Amino acid sequence: MKANVETTMKQNNALHLAQELLRLMASGAEASDIARLCSENLDWEIAGDTGALPWIGKKSGRTAIVDFINGLRSLTEPIAFEVHDILTGDKRSVILGSLATKLKRTGAIVKTDFAIVLTAANGEIIRFQMLEDSFAVSKWARG
């Protein structure tokens, strides 16, 4: 019985972090406040064309999520962001959804499905990985 309680607590922790990340992002919270959910040694990855947007690629540390949020807010305008489901295991939550975003400098809009994989340990996010249609995002960003 103890193992089941521990597993449930871990799952709830990963789920709580995913929900809190989404809540803070939607509320327009300061990037530094959102970054507090993450480990100082955060492992960051958004696969794709690393020259297309400043947050694409592999990075480390809380500055990765701060740079992502600040860049996203300064370069783009959200059109739609829908969470379809959050799947949770012992150490991970996977946020599944779709989004539409406008690039401010061109007015171009990209639509893509996404999966954000969050890995949690010790009450914080230690890994952030976003999977999306990287070809469409690159084409959109490069105009």
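Is D43 buried, partly exposed or exposed? D43 counts as partly exposed because its relative accessibility is 34%; buried means under 20% relative accessible area, exposed over 50%, and partly exposed in between, with a 1.4 Å probe and protein chains only. The model is predicted, so local features need pLDDT of at least 70 and side-chain atom pairs pLDDT 80 or more, while totals for chains, interfaces and linings use all residues. Residues are numbered from 1 along each chain as its sequence is written, and side-chain values use heavy atoms, leaving out hydrogens and water.

D43 forms a salt bridge with R127, with 2.9 Å between the closest N and O atoms. This pair links distant parts of the chain, 84 residues apart: D43 is in strand β1 (residues 38-46) and R127 in strand β6 (residues 124-132). A salt bridge here is a side-chain nitrogen of Lys or Arg within 4 Å of a carboxyl oxygen of Asp or Glu; strands (E, at least two residues) and helices (H or I, at least four) are DSSP runs numbered from the N terminus.

R127 also meets E45 in a salt bridge, at 2.8 Å from N to O. Shared partners join D43, E45 and R127 into one network. R127 is partly exposed at 23%, whereas E45 is buried at 15%.

By this rule there are five salt bridges. Another of them pairs R36 with D33 at 2.2 Å, N to O; R36 is exposed at 56% and D33 partly exposed at 31%.

A141 lies in helix α4 (residues 134-142) and is buried, with 2% relative accessibility. Beyond residues up to four places away in sequence, A141 touches A52, L53, L103 and R105, contact meaning heavy atoms within 4.5 Å.
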